[in-house]
Amino acid sequence: MMGIAVPLHVIAVVVWVGGMFFAHQCLRPVAAAQLEPPARLTLWAGVFGRFFPWVWVSIVLVLGTGLWMMFAVFGGFKGSAMYIHAMFGLGLVMMAIFMHVFFAPYKRLKKAVAAQDWPAGGKQLAQIRMLVGINTLIGLITLAVGSGGRYLAMLTAG
Ligand code: HEM
């Protein structure tokens, strides 16, 4: 079963963290340089509308497979090494940040775009940009902890 859980877990985090990296580091600077607010904000509302459902799918898979491995294979909170606790904690922070983005600034961005209120939309986009930047960084750190943890002595104590 680890042969199924680990690939699902890793594919889900690659889609999520890779998507954030592309949006923040590649699409954002080009959109900011080339598009005026109406086109830029409409683009982002559409891009998030396509990306965020995948993030929800990723969260269900990451949490489902991660907790399954933690409890069915590693012996729960007590039996799991420190890097697994760290991965779990960082993952929960990422999920909380995403849910905040989804239910607060993203919801307001959609409203602003529908009302063609570009200054209001710009404020929400700035908020999302900052939070996605933070989540990309936490995501990369969590990937390092999750993939390297078992080889790093300081993280392997149970
Ligand atoms: C939030 C709840 C999470 C739980 C409970 C969890 C739990 C686990 C467990 C038990 C493993 C297996 C460890 C091993 O075989 O040594 C694992 C592997 C892994 N996890 Fe997580 N994880 C979570 C979230 C995340 C997140 C958010 C990321 C990345 C952003 C991540 C990245 C990884 C990676 C890269 C592996 C390594 C797979 C391998 O090399 O075999 N995990 N996770």
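Here are a few friendly notes on the predicted model above.

1. Ground rules: this is a predicted model, where local features need pLDDT of at least 70, side-chain atom pairs count only at pLDDT 80 or more, and totals for chains, interfaces and linings use all residues. Residues are numbered from 1 along each chain as its sequence is written, and side-chain values use heavy atoms, with hydrogens and water left out.

2. The protein chain has six helices and zero strands (DSSP runs numbered from the N terminus: helices are H or I, at least four residues; strands are E, at least two). Its C-alpha atoms fill a box of roughly 55 × 25 × 20 Å along the principal axes.

3. Your iron site: His9 (NE2) and Met87 (SD) coordinate the iron atom of the ligand at 2.0 Å (donors are N, O and S atoms within 2.8 Å of the metal, or 3.2 Å for Na, K and Ca). The six donor atoms subtend angles of 82 to 179°, so the arrangement is octahedral (six donors, opposite ones over 155 degrees apart and all others between 65 and 115).

4. His9 sits in helix α1 and Met87 in helix α4 (residues 82-103), so the pair ties together parts 78 residues apart in sequence.

5. His9 counts as buried, at 13% relative accessibility, while Met87, at 22%, counts as partly exposed (buried is under 20% relative accessible area, exposed over 50%, partly exposed in between, with a 1.4 Å probe and protein chains only). Of the 158 residues of the protein chain, 37% count as buried.

Key:
Four donors count as tetrahedral if all angles lie between 85 and 135 degrees; four count as square planar and six as octahedral if opposite donors are over 155 degrees apart and all others between 65 and 115; anything else is irregular.
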